[in-house]
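Take a look at the protein below.

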Amino acid sequence: MANRLSVITTRTGDDGTTGLGDGSRIPKDAPRIAALGDVDELNSVIGLLLTEALPDTIVADLLTIQHDLFDMGAELCIPGHTALTDAHIANLDARLAHYNGSLPPLREFILPGGTRGAAQAHVARTVCRRAERSVVALANAHSVNPSVRLYLNRLSDLMFVLARCINQHAGRKDTFWAGTRARH
């Protein structure tokens, strides 16, 4: 493993293709690469969120999620490989229940914002939704483990809830959307 990534510039993608984990090459604009790229971007956005001052439990959960997303990337990179299971989905469901339990019920839509960390969690939520759309598009043409789609769907919900928890932890209230009539 120490020399696995010893050469970063390979020039093999100069022709507009990229290599998959099974050794095959496909165009860089293929749906599989779009999904893989969106999952990678999501992982990076969560990494940026982790640079904020966050409660320890949220940090631990986000680190677990980053590892899960890396496994998801491997699954997308190696057609036929399965890394995510029902247990991963159950873990997200449990974390959603845990964090939801500390929040007041929502009666209005909220706007992204509050603290910088909460805003970053909302960015992660929207990137997650895009990754989910890319995976759905990929699944329309190729076999994809359903757990990948389910995981992304639950994760976007969790990022919404975490944004609220981050604001709550900082003593900030959610910003409620004021409908058109309320603003004029």
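Predicted model: local features only at pLDDT ≥ 70, side-chain atom pairs only at ≥ 80, totals over all residues.

Start with the general idea. Side chains of opposite charge can pair when their charged atoms come close. The structure holds eight salt bridges. In one of them, Asp-38 pairs with Arg-130, and the closest N and O atoms are 3.0 Å apart. Asp-38 sits in helix H1 and Arg-130 in helix H4, so this pair ties together parts that are 92 residues apart in sequence. Asp-38 is buried, at 11% relative accessibility. Arg-130 is partly exposed, at 29%.

Helix H4 also holds Arg-116. Its partner is Glu-52, with the closest N and O atoms 2.7 Å apart. Glu-52 lies in the loop between H1 and helix H2, so the bridge joins parts 64 residues apart in sequence. Arg-116 is exposed, with a relative accessible area of 57%.

Now the cysteines. The whole structure has zero disulfides. For Cys-77, the closest cysteine sulfur is in Cys-128, 20 Å away, so it is too far for a bond. Cys-165 is in no disulfide either; its nearest cysteine sulfur, in Cys-128, is 16 Å away. Cys-165 is buried, at 5% relative accessible area.

Finish on the surface. Phe-109, Leu-111 and Trp-177 form a nonpolar patch there, with about 330 Å² of accessible area together. Leu-111 belongs to strand S3 and is partly exposed, at 37%.

Notes. Residues numbered from 1 in each chain as written. Heavy atoms only, no water. Disulfide = S-S within 2.5 Å. Buried < 20%, exposed > 50% of the residue type's maximum accessible area, 1.4 Å probe, protein only. Patch = residues over 30% accessible without salt bridge, like charges linked within 9 Å, V, L, I, M, F, W, Y side chains within 5 Å. Areas by Shrake-Rupley, 256 points an atom, 1.4 Å probe, with all protein chains shown as cover. Salt bridge = Lys/Arg side-chain N within 4 Å of Asp/Glu carboxyl O. Helix = DSSP H or I, 4+ residues; strand = E, 2+ residues; numbered from the N terminus.
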